[in-house]
Amino acid sequence: MARPEWANWNGTEMPLSEVRVSVTDRAYFFGDGVYEVFRVYNGQMFLERPHFTRLRDSLAQLRIVTDVERLERRVRETLAHSGVREGQVYLQISRGEAPRSHSFPNPPVTPNELIYVREYDKDPYAAYRAAGIRVLLVPDLRWKRCDIKSLNLLGNVLASQAADEAGCQEAIMMLEDGTITEGSHSTVFGVRGGALVTAPLEANILPGITRKLVLELADRCGIPVKEQPFIASSLHELDELFVTSTIAEVLPIIEIASHTWKADQPGPVTRRLQVAYREYVVSAVGTATH
Ligand code: PMP
């Protein structure tokens, strides 16, 4: 059985279940904060640098000031003390605690910084990676700055819940004009005529760390890439579909619920990228146990 999550709350380590936070934390009132999720393979954080770069960007956008280098050291120490070899690290920074009032506290308050490490008994997505998933198309109800990895995730929560209730493993969100943005917690890719298609990096999607790696791997594999908007009405032109994320890696889609698009099995381009991804993981962290 996986050990309980090991946390670091503002510099003090303890089991996650013992962390206590004031209800005046602005994350509680407003979702006023940012987060990152790192995959841990073989006791090491995968793609640590780009995750911290994105964290710095999100903090800067929300004008939350903290010492990210100190956080980097803290995350590494907490992971080492947790003893976890396979799992994930969650890092959250809220603007801090203050009486409820929309604008930033003035003078500024100290951010609250939470880290916790979750151990995996087994890779949670292994079976889905092999067999593929079913997805649900849903309207994208979110705000216009989805490039910021903020704690405000209600649109994503409702989308994910709708997918669950439809017996699907992920929700694919689309704007009113049919433009597909991203998954509730993943980036969406299509394959058309042998080329990868994915939405360009605009304010309506998160700049996925896995997205960037997959684009690099595609390049190395000689797979052409088109970063262009793709539209729900042209889904039938796609030979393959998959989603990516830090935790799911490259996850094939084999069916869209209540839609004609369907695949018998994960496609060859998706499979190639899955293999390339795993090879990259092994080269980055040594042999992964999962
Ligand atoms: N989009 C959203 C909305 C997400 O929550 C995630 C998961 N963090 C992703 C895309 C994929 O990002 P990454 O590859 O950095 O995990």
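Reader: Where does the ligand sit, and which elements give two or more residues to the shell around it?

Author: This is a predicted model. In it, the ligand sits in the largest pocket. The elements that give two or more residues to the shell around the ligand are β9 (179-183), α6 (209-220) and β14 (240-245).

Reader: How many residues surround the ligand, and how many in the shell are charged?

Author: The ligand is surrounded by 16 residues, with Arg-54, Lys-149, Glu-182, Thr-210 and Thr-246 the closest. By class, eleven of the shell residues are polar and two are nonpolar, while the charged ones number three.

Reader: What percentage of the area that the ligand exposes when taken alone does the protein bury?

Author: The side chain of Arg-54 has an N or O atom 2.8 Å from a ligand oxygen, and a side-chain N or O atom of Glu-182 is 2.7 Å from a ligand nitrogen. At Ile-209 a backbone N or O atom lies 2.8 Å from an oxygen of the ligand. Of the 390 Å² that the ligand exposes when taken alone, the protein buries 93%.

Reader: Is Glu-86 buried or exposed, and which residue's backbone nitrogen lies 2.8 Å from a polar atom of its side chain?

Author: Glu-86 is in the loop between α3 (68-82) and β5 (87-94). Its relative accessibility is 5%, and buried means under 20%, so Glu-86 counts as buried. A polar atom of the Glu-86 side chain lies 2.8 Å from the backbone nitrogen of Asn-42.

Conventions. Residues are numbered from 1 along each chain as its sequence is written. This is a predicted model: local features need pLDDT of at least 70, side-chain atom pairs count only at pLDDT 80 or more; totals for chains, interfaces and linings use all residues. Side-chain values use heavy atoms; hydrogens and water are left out. A residue is near a molecule or strand if one of its heavy atoms lies within 4 Å of it. A polar contact is a pair of N or O atoms within 3.5 Å; within protein, one must be able to donate a hydrogen and the other to accept it, and residues adjacent in sequence count only if both atoms are side-chain atoms. Accessible areas come from the Shrake-Rupley method with a 1.4 Å probe; for residues, only the protein chains shown count as cover. On a 1 Å grid over the protein atoms alone, a cavity is a set of points where a 1.4 Å probe fits but cannot get out, and a pocket is an open set with protein on both sides within 12 Å along at least five of seven lines; lining residues have an atom within 4 Å of a point. A molecule sits in a cavity or pocket if more than half of its atoms lie within 2 Å of its grid points. Helices (H or I, at least four residues) and strands (E, at least two) are DSSP runs, numbered from the N terminus. Ala, Val, Leu, Ile, Met, Phe, Trp, Tyr, Cys and Pro count as nonpolar, Asp, Glu, Lys and Arg as charged, and the others, Gly among them, as polar. Buried means under 20% relative accessible area, exposed over 50%, partly exposed in between (1.4 Å probe, protein chains only).
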